[in-house]
Amino acid sequence: MIAVVVIAVLVIVLVTLRYTGRGRARGSGGRGLKRRFGPEYERAVALHGDVRAAERELGERVRRHGSLQEQPLSPAVREQYVARWDAVQEQFVDSPQKAVTEADALLTRLARDRGFPDGEQFEEQLAALSVHHAYFVQGYRGMHAAARDQSGTEEMREAMVEARSLFEALVAERQVDAARRRPPSPDGQGHAPWPLTTRRHTKGGST
């Protein structure tokens, strides 16, 4: 009789723990996704108009791409990417649209070389990037759109500035802590900082 009672108690305890664990997992799931995705979480909620639908989508991204291992870059390849990005920034002064288009292609190749899905499937590549670099993907999204639309020079400039954060995260030797390093914020006039003009004087003018 005692054995039966002990077994019954153990079953009740196990069921209770299992139920409590599921409740905690559900409760912390949203908080975990919000912390992991940051601005991507808010964007998904705004797009879906529903928190649960947004969390389902983000959870699916984690399921598909959470185990992705980023491939390292050799020092030589890293230097080539940095040099190419610098050249694209210089080019922006004279040919903004061409520079944005080339910067978009450069980021696509860099992401592929780091082990993310091929850029021919942009949405899938972006989804994978958002799992690992959520705080930086909005700039890439904006630059990708600017490379295909007839955007104004100011919009293209801001897109490149914001996209550079993802470039730096991907080209870094070690993974960037997204919680500590955010994309540059606008200044008091609502314009993003403009480091792309640092080499304007190479045209021969004085600064």
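Select Leu126 to begin: at 3% relative accessibility, Leu126 counts as buried, where buried means under 20% relative accessible area, exposed over 50% and partly exposed in between, with a 1.4 Å probe and protein chains only as cover. The residue is found in helix α6; helices here are DSSP runs of H or I with at least four residues, strands are runs of E with at least two, and numbering starts from the N terminus. Not counting residues up to four places away in sequence, Leu126 touches Val137, Tyr140 and Arg141, a contact being heavy atoms within 4.5 Å. If you draw a C-alpha to C-alpha distance from Leu126 to Ala111, the two are 9.4 Å apart in space and 15 residues apart in sequence.

Before moving on, note that this is a predicted model, in which local features need pLDDT of at least 70 and side-chain atom pairs count only at pLDDT 80 or more, while totals for chains, interfaces and linings use all residues. Residues are numbered from 1 along each chain as its sequence is written, and side-chain values use heavy atoms, with hydrogens and water left out.

**The whole chain**

Now colour the protein by pLDDT, the predictor's confidence in each residue on a scale from 0 to 100. The average is 78, and 70% of the residues score at least 70.

A cartoon view shows 8 helices and 0 strands. Of the 207 residues, 36% are buried. Among contacts between residues at least 6 apart in sequence, 68% join residues at least 24 apart. The accessible surface comes to about 12,500 Å², with 53% of it belonging to carbon and sulfur atoms; such areas come from the Shrake-Rupley method with a 1.4 Å probe, and for residues only the protein chains shown count as cover.

**Helix α6**

Return to α6 and select residues 122–132: 9 of these 11 residues are buried, so the helix is largely enclosed by the rest of the structure. The buried ones include Phe122, Leu126, Leu129 and His132. Glu123, also in α6, is by contrast exposed, with a relative accessible area of 58%. From Glu123 to Arg141 the C-alpha to C-alpha distance is 9.3 Å, across 18 residues of sequence.

**Where α3 meets α6**

Two packed helices are described by the angle between their axes and the distance between the axes. Here the axes of α3 and α6 come within 9 Å and cross at roughly 90°, with axes taken as lines fitted to C-alpha atoms, for helices over the stretch in contact, and angles running from 0 to 180 degrees between N-to-C directions. The two helices are therefore roughly perpendicular to each other, given that angles of 65 to 115 degrees count as roughly perpendicular, under 35 as roughly parallel, over 145 as roughly antiparallel and the rest as oblique. On the α3 side, the contact is made by Arg61, Val62, Arg64 and His65, and on the α6 side by Glu124, Ala127, Ala128, Ser130, Val131 and His132. These residues divide into 4 nonpolar, 3 polar and 3 charged, where Ala, Val, Leu, Ile, Met, Phe, Trp, Tyr, Cys and Pro count as nonpolar, Asp, Glu, Lys and Arg as charged, and the others, Gly among them, as polar.

Leaving aside its neighbours within four places in sequence, Val62 is in contact with Leu33, Arg36, Phe37 and Val131.

**The loop at Gly38**

Move to Gly38, which lies in the loop between α1 (2–37) and α2 and is buried, with a relative accessible area of 12%. Beyond its neighbours within four places in sequence, Gly38 is in contact with Leu33 and Tyr135. Gly38 and Ala134 are 96 residues apart in sequence, yet 6.7 Å apart in space, C-alpha to C-alpha.

**Helix α7**

Finally, select residues 137–146, helix α7: 7 of its 10 residues are buried, so α7 is largely enclosed by the rest of the structure. The cover over its buried residues includes α2 (39–48), α4 (75–92), α5 (96–113), α6 and α8 (153–171). End on His144 in this helix, which is buried with a relative accessible area of 13% and touches Asp104 and Phe122, not counting residues up to four places away in sequence.
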